[in-house]
Amino acid sequence: MQLPKLYRIRRTLNPPVVADVAAEVKAAIRKLPLAGRLKPGGRVAVTGGSRGVANIATILRATCDTLKELGASPFIVPAMGSHGGATAEGQLAVLARYGITPESMGVPILSSMETVEIARMDWGLPVHVDRHASEADHIVLVNRIKPHTGFHGSIESGLIKMLVIGLGKHQGARLAHRAAIDVGLARMVPEVGHVSLGKLPVLFGVATLENARHQTARVEVLLAEDLEAAEPRLLQEARSLMGRIPFGFLHLLIVDEIGKEISGGGMDSNVIGRMPTNYPPALDAPKYVRILIRDLTVKTAGNAVGMGLADFATRRLADKVDFHATYTNVLTASVSAGAKLPVIFETDRDAIEGALKTIGLTEPPDAKVARVRNTLALEVLHVSEALLPEVRGRADLTILDGPFDFQFTDAGDLVGSVA
């Protein structure tokens with residue numbers, strides 16, 4: 001098959017970025033009016049998540065150090081629902097992959113899947129929370145605010161969702177997602193979050209926003225009583241900062257890797273225009289006829305959630321799938337679509353040629369094709385010749401080199417990377 005010629009392009013970005021993340025976190029916490037709120041010597045449960053938050057180890061260390069300076073005794077609890085195979089050991093391993101260990105943090109990490117029920121919603125959901133967090137004098141929530149990959153609402157991914165789902169551990173996350181089948185995540189997250197804030201000793205939250213380069217763009221620290229009002233505002237700001245592929249239509253999108261640290265959905269549905277749930281995509285969502293995924297990241301440790309959003313994948317990816325971790329994740333979330341196997345091809349060449357046979361009447365050399373490393377790394381792309389008129393019509397896009405052919409090894413796999 002004759003494949004399209006490619007060009008390497010760059011999207012010009014000038015995003016905001018925090019120069020010294022640790023200093024920013026510490027300064028923001030010190031500005032809080034904590035006198036009379038923070039119990040002297042009080043035990044503080046600080047949440048550690050699994051989402052691949054930029055500078056997360058630095059943020060957690062700065063938070064814990066500042067709490068110690070203020071006379072508290074912080075410890076970290078994994079707040080990641082069912083991730084890590086829904087085991088205490090697995091969740092410790094997830095944190096360790098992000099550089100979060102007792103040694104690096106200077107505080108204990110208490111990992112358990114045991115929960116306690118703190119409330120019951122009028123519509124039937126028992127609200128669970130991590131036992132260690134429930135026994136603490138205070139809870140500090142630490143997370144990134146961003147658009148969710150499976151639903152739209154005033155509050156999506158962030159501090160409230162970490163309180164509801166992450167700290168719910170496997171049991172709480174499973175029940176919450178089951179309840180969402182009946183009432184919807186857009187209602188469930190803020191309503192349960194409101195009840196949880198009223199029942200638990202949440203002291204404050206450390207919210208971060210990230211730019212299109214997956215850098216910390218801003219840090220905002222909020223007292224517990226301000227969280228519900230602030231999250232919708234922060235979500236809108238996060239949406240404006242997120243990276244996007246600069247083309248609304250493609251015949252084929254090639255994604256080199258997916259993984260849980262890239263997105264909770266493996267690849268960001270806000271970027272690819274496909275949702276794993278019945279929620280419709282946003283009105284401005286892109287339309288990509290076919291999506292091919294090539295590999296899993298190392299840090300995702302076999303969790304292949306998101307592969308079900310692709311049409312095609314490689315044997316390389318399929319052989320790395322940990323079905324237990326993947327299925328535990330999707331069953332907990334009550335969203336099976338993200339774990340379905342795409343059509344599997346033995347090599348990259350076979351997969352690309354197979355995909356281009358299914359795009360309609362457009363001949364492969366004329367197809368609009370883009371290749372990205374992942375849905376976070378969107379500054380440099382490979383694009384096909386058919387996209388050049390769009391590239392040349394935009395001041396923020398620059399052609400770096402090309403044209404060049406797809407380069408394959410003798411075994412049929414792509415050579416090199418997008419960057």
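Ala 86 counts as buried because its relative accessibility is 17%, where buried means under 20% relative accessible area, exposed over 50% and partly exposed in between, with a 1.4 Å probe and protein chains only. The place of Ala 86 in this predicted model is the loop between strand E3 (73-78) and helix H3 (88-97); helices (H or I, at least four residues) and strands (E, at least two) are DSSP runs, numbered from the N terminus. Phi of Ala 86 is near 60 degrees, a positive value in a residue other than glycine. Most residues other than glycine have a negative phi, and most peptide bonds are trans.

Lys 169, in helix H7, likewise has a positive phi, of about 55 degrees, although it is not a glycine. Lys 169 counts as buried because its relative accessibility is 0%. Helix H7 (residues 169-183) has 15 residues and spans 20 Å from its first C-alpha to its last, close to the 21 Å expected at 1.5 Å a residue, that is, 1.5 Å times one less than the number of residues. Other buried residues of H7 include Gly 172, Leu 175 and His 177. Just after H7, Gly 184 takes a positive phi of about 90 degrees. A cis peptide bond joins Gly 402 to Pro 403, with omega near 5 degrees, and Pro 403 is found in strand E15 (residues 397-404).

Inside the structure there are 4 cavities of 30 Å³ or more, a cavity being a set of points on a 1 Å grid over the protein atoms alone where a 1.4 Å probe fits but cannot get out.

On the surface, Leu 331 of helix H12 (residues 323-333) counts as exposed because its relative accessibility is 63%. Together with Phe 323, Tyr 327 and Leu 341, Leu 331 makes a nonpolar patch of about 400 Å². Patch residues have over 30% relative accessible area and no salt bridge, with nonpolar side chains (Val, Leu, Ile, Met, Phe, Trp, Tyr) joined within 5 Å and like charges within 9 Å. A salt bridge is a side-chain nitrogen of Lys or Arg within 4 Å of a carboxyl oxygen of Asp or Glu, and accessible areas come from the Shrake-Rupley method with a 1.4 Å probe.

Local features need pLDDT of at least 70, side-chain atom pairs count only at pLDDT 80 or more, and totals for chains, interfaces and linings use all residues. Residues are numbered from 1 along each chain as its sequence is written, and side-chain values use heavy atoms, with hydrogens and water left out.

Note on methods: On a 1 Å grid over the protein atoms alone, a cavity is a set of points where a 1.4 Å probe fits but cannot get out, and a pocket is an open set with protein on both sides within 12 Å along at least five of seven lines; lining residues have an atom within 4 Å of a point. Grid points are joined across faces, edges and corners, and a volume is the space filled by probe spheres set on the points.
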